[in-house]
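Trainee: Before we start, I would like to go through this entry one feature at a time.

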Amino acid sequence: MILFRNSNAFVIDKLDECEKTISTLLIPKHMIEDFLRVREKNNISIYLRKLLRRYRTFTHTGMIPEPKKVKTEYQEEGLDLQRINFRPMNSDWIELGELALAFGKSRCWVFVYLLKLDLLGLFRILVQAGLKKIVPTLPSLELTSFWTLQRVKQNFARGYHVKV
């Protein structure tokens, strides 16, 4: 087998010291009141970080619904999506993107999924069951998403590795 490998790596150090640019979330209209209540108590950037930490048990163990199609899955039509702009921490926006890429979803889809879990009170259940820290958040925690395309075999795979 011949292996051609592009060994270019595009590394940005000190991510959260870089400028935080405006990002957009699309929240379904039927959830906007609950979301705005959450926003009164939390800065959206901090809330995104909380969601990512609270639900690592789900995200890092692969409990996000599998992709239904090859292309990115977006939220359903007819939800009357409301635009919310905010400035997330760069590392959180990248982590949300890694999850989205690995599971074939949009960032907004993943955010709304985590928001639904939170609004349902799932974190309290995880705490009571002693399952809130299954995936440790150590400095060595590494997230890698990947795509594999084998054109001849007509095979496409996507995945997500968590290295602690």
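Predicted model: local features only at pLDDT ≥ 70, side-chain atom pairs only at ≥ 80, totals over all residues.

Mentor: Residues are numbered from 1 along each chain as its sequence is written, and side-chain values use heavy atoms, with hydrogens and water left out.

Trainee: Within what arc do the buried residues of helix 2 fall?
Mentor: Helices (H or I, at least four residues) and strands (E, at least two) are DSSP runs, numbered from the N terminus. Buried means under 20% relative accessible area, exposed over 50%, partly exposed in between (1.4 Å probe, protein chains only). In helix 2 (residues 44-54), the buried residues are Ile44, Ser45, Tyr47, Leu48, Leu51 and Leu52. They line one face of the helix, because the directions from the helix axis to their C-beta atoms fall within an arc of 160°.

Trainee: Which residue has a side-chain oxygen that reaches the backbone nitrogen of serine 45?
Mentor: The contact is at the start of helix 2. The oxygen comes to within 2.7 Å of that nitrogen, and it belongs to asparagine 43.

Trainee: How is helix 1 oriented relative to helix 5?
Mentor: Axes are lines fitted to C-alpha atoms, for helices over the stretch in contact, and angles run from 0 to 180 degrees between N-to-C directions. Helix 1 and helix 5 pack with their axes 11 Å apart, at an angle of about 75°. Angles of 65 to 115 degrees count as roughly perpendicular, so helix 1 and helix 5 are roughly perpendicular.

Trainee: Which residues does threonine 144 contact beyond its neighbours within four places in sequence?
Mentor: Threonine 144 is in strand 3 (residues 142-150). At 35% relative accessibility, this threonine 144 is partly exposed. Contact means heavy atoms within 4.5 Å. With those neighbours left aside, the partners of threonine 144 are Glu98, Gly159, Tyr160 and His161.

Trainee: What is the phi of aspartate 80?
Mentor: Most residues other than glycine have a negative phi. Aspartate 80 sits in the loop between helix 3 and strand 2 and is partly exposed at 42%. Although aspartate 80 is not a glycine, its phi is positive, at about 50°.

Trainee: Is glutamine 154 buried or exposed?
Mentor: Glutamine 154 lies in the loop between strand 3 and strand 4 (155-163), and its phi is positive, near 55°. With a relative accessible area of 72%, glutamine 154 is exposed.

Definitions and conventions:
Polar contact = N/O pair within 3.5 Å; in protein donor to acceptor, adjacent residues only side chain to side chain. Parallel < 35°, antiparallel > 145°, perpendicular 65-115°, else oblique.
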